Amino acid sequence: PKPNIDPTAVLIKAYACQRRTPLKHHNSFLTDALEILSQNAEYNDNEGRSVAFRRAASVLKALPYRVKNMEDLKSLPCLGDHSQRVIKEILEDGSSREVESTRQSDKFQAMKALTGIFGVGVRTADRWFREGLRSPDDLFRTGQQLNRAQQAGVQYYDDLQKPVTKAEADVISDIVEKAVRAVLPGAEIRLMGGFRRGKEVGHDVDFLITHPEEGKEEGLMPKITNWLEEQGLLLYQKTTRNSYLEKMDGPARAPNNMDRFERCFSIFKLQTGSERASVSGWRAVRVDLVVSPYSQFAFATLGWTGSKLFERELRRWAGQEKHMSLSSHALFDSKQNLYLRAKTEEEIFAYLGLEFIPPSERNA
Ligand code: ATP
Ligand code: MN
Ligand code: MN
């Protein structure tokens, strides 16, 4: 049995990037509920509300104890009235009526199914919902106009719904390394996203690629995708060129979560080996490839490790508390009016006046 922790003695900081958030925690029974409400707010285009519920959930993930009563929450940040009401109801009745009715609502279920299609965002899903569509089958049945990404999304829907395991991610890592080494010797490849944070499954596999000699990485992506295509390993790919210019993307630019690296959103054809695993002997897997110049590699690494909330909080911290502007490319100090260079994630945390949080504790 664990020693008892006195909840009132636990200090939880207000920004997720100031806290350690492990993958496994003690309050899933509450965070799952709050995340349903967050997701529902996102489906209804209410970003502020969505982030508020997500922040509340994230605070509970960082607690070293299971919440037993409302007293346990007294000194915690980021818990608004609405989140507290939901938590209280779950503690008292075992579930929240609002959460359960949301979970079961026609809109929530349809939006979940439709945004679950690769290439479909909230706006498109919402338009389809208002037209009476509820599932990928409905799109097919009614002959909706789909772009190339969405066509692939519908075609490989069942495979892409299945979580990607760490073992599958490791196989993909080997393939990507082979491809990159074949077209650019000396390049470095890093597994990013959820798997870098220690997750055992993910919705995709994310890679960051660079080369120690700045400039060598330019135009690398088409070479990689050509190699993969020749091997018959790609079911879909869309490559976007690098469009980052320090002068134009600097502090004057409105903050944006999308970075401007050369990138490729793809779907791999992964051999599953055993015929038992699938009838066809292969499955489709979503893979994101990103190429970064060496001088931006530390920022890109930090930006592509996640979690999404952790990233968001890092940027908010930088802006609100430090008068700095952080992106996956750079860190700009507005007070000194200069870019702060970094070779490692540790240096970036230090510039930001934050204790270093390792990837496995960025599961905010
Ligand atoms: P999962 O296991 O479900 O894939 P994940 O944390 O890996 O979870 P991703 O959506 O793959 O989630 O995102 C990985 C990281 O890449 C996140 O930190 C996110 O901020 C970043 N990211 C994803 N898409 C973009 C984008 N278009 N531009 C910039 N950064 C992005
Ligand atoms: Mn991912
Ligand atoms: Mn991804």
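Visitor: Which atom of ligand 1 does the backbone of D259 approach, and at what distance?
Guide: The general idea is the polar contact, a pair of N or O atoms within 3.5 Å; within protein, one must be able to donate a hydrogen and the other to accept it, and residues adjacent in sequence count only if both atoms are side-chain atoms. Here a backbone N or O atom of D259 lies 3.5 Å from a nitrogen atom of ligand 1. For G303, a backbone N or O atom is 3.4 Å from an oxygen atom of ligand 1. K199 uses its side chain, with a polar atom 2.9 Å from an oxygen atom of the ligand.

Visitor: How much of ligand 1 does the protein cover?
Guide: Accessible areas come from the Shrake-Rupley method with a 1.4 Å probe, and for residues only the protein chains shown count as cover. On its own ligand 1 has 610 Å² of accessible area, and the protein covers 85% of this. The elements giving two or more residues to the shell are α11 (193-196) and α15 (308-322). Such elements are DSSP runs numbered from the N terminus, helices being H or I with at least four residues and strands E with at least two.

Visitor: What model and numbering are these values based on?
Guide: This is a predicted model, in which local features need pLDDT of at least 70 and side-chain atom pairs count only at pLDDT 80 or more, while totals for chains, interfaces and linings use all residues. Residues are numbered from 1 along each chain as its sequence is written, chains are lettered from A and ligands numbered from 1 in the order in which they are written, and side-chain values use heavy atoms, with hydrogens and water left out.

Visitor: Which residues come nearest to ligand 1?
Guide: A residue is near a molecule if one of its heavy atoms lies within 4 Å of it. Of the 18 residues around ligand 1, those that come nearest are G194, H203, D204, M258 and K308. By class the shell holds two nonpolar, eight polar and eight charged residues.

Visitor: Which residues coordinate the manganese ion (ligand 3)?
Guide: Donors are N, O and S atoms within 2.8 Å of the metal (3.2 Å for Na, K and Ca); water is not among the atoms, so sites may look incomplete. For the manganese ion (ligand 3) they are D204 (OD), D206 (OD) and D288 (OD), at 2.1 to 2.2 Å. Their spacing along the chain is D-x1-D-x81-D. D204, in the loop between β3 (201-202) and β4 (205-210), and D288, in strand β7 (residues 282-291), are 84 residues apart.

Visitor: Are D204 and D206 buried or exposed?
Guide: Buried means under 20% relative accessible area, exposed over 50%, partly exposed in between (1.4 Å probe, protein chains only). D204 and D206 are buried, and D288 is buried too.

Visitor: Is H329 buried or exposed?
Guide: H329 is buried, with a relative accessible area of 5%. The residue sits in the loop between β8 (324-326) and β9 (331-333). Its side chain makes a polar contact with the side chain of Q296 at 2.8 Å.

Visitor: Where does N147 lie?
Guide: N147 is in the loop between α7 (136-141) and α8 (148-155). With a relative accessible area of 39%, N147 is partly exposed. The side chain of N147 reaches the backbone nitrogen of Q150 at 2.8 Å, and one of its polar atoms lies 3.2 Å from the backbone nitrogen of A149.

Key
Nonpolar A, V, L, I, M, F, W, Y, C, P; charged D, E, K, R; others polar.
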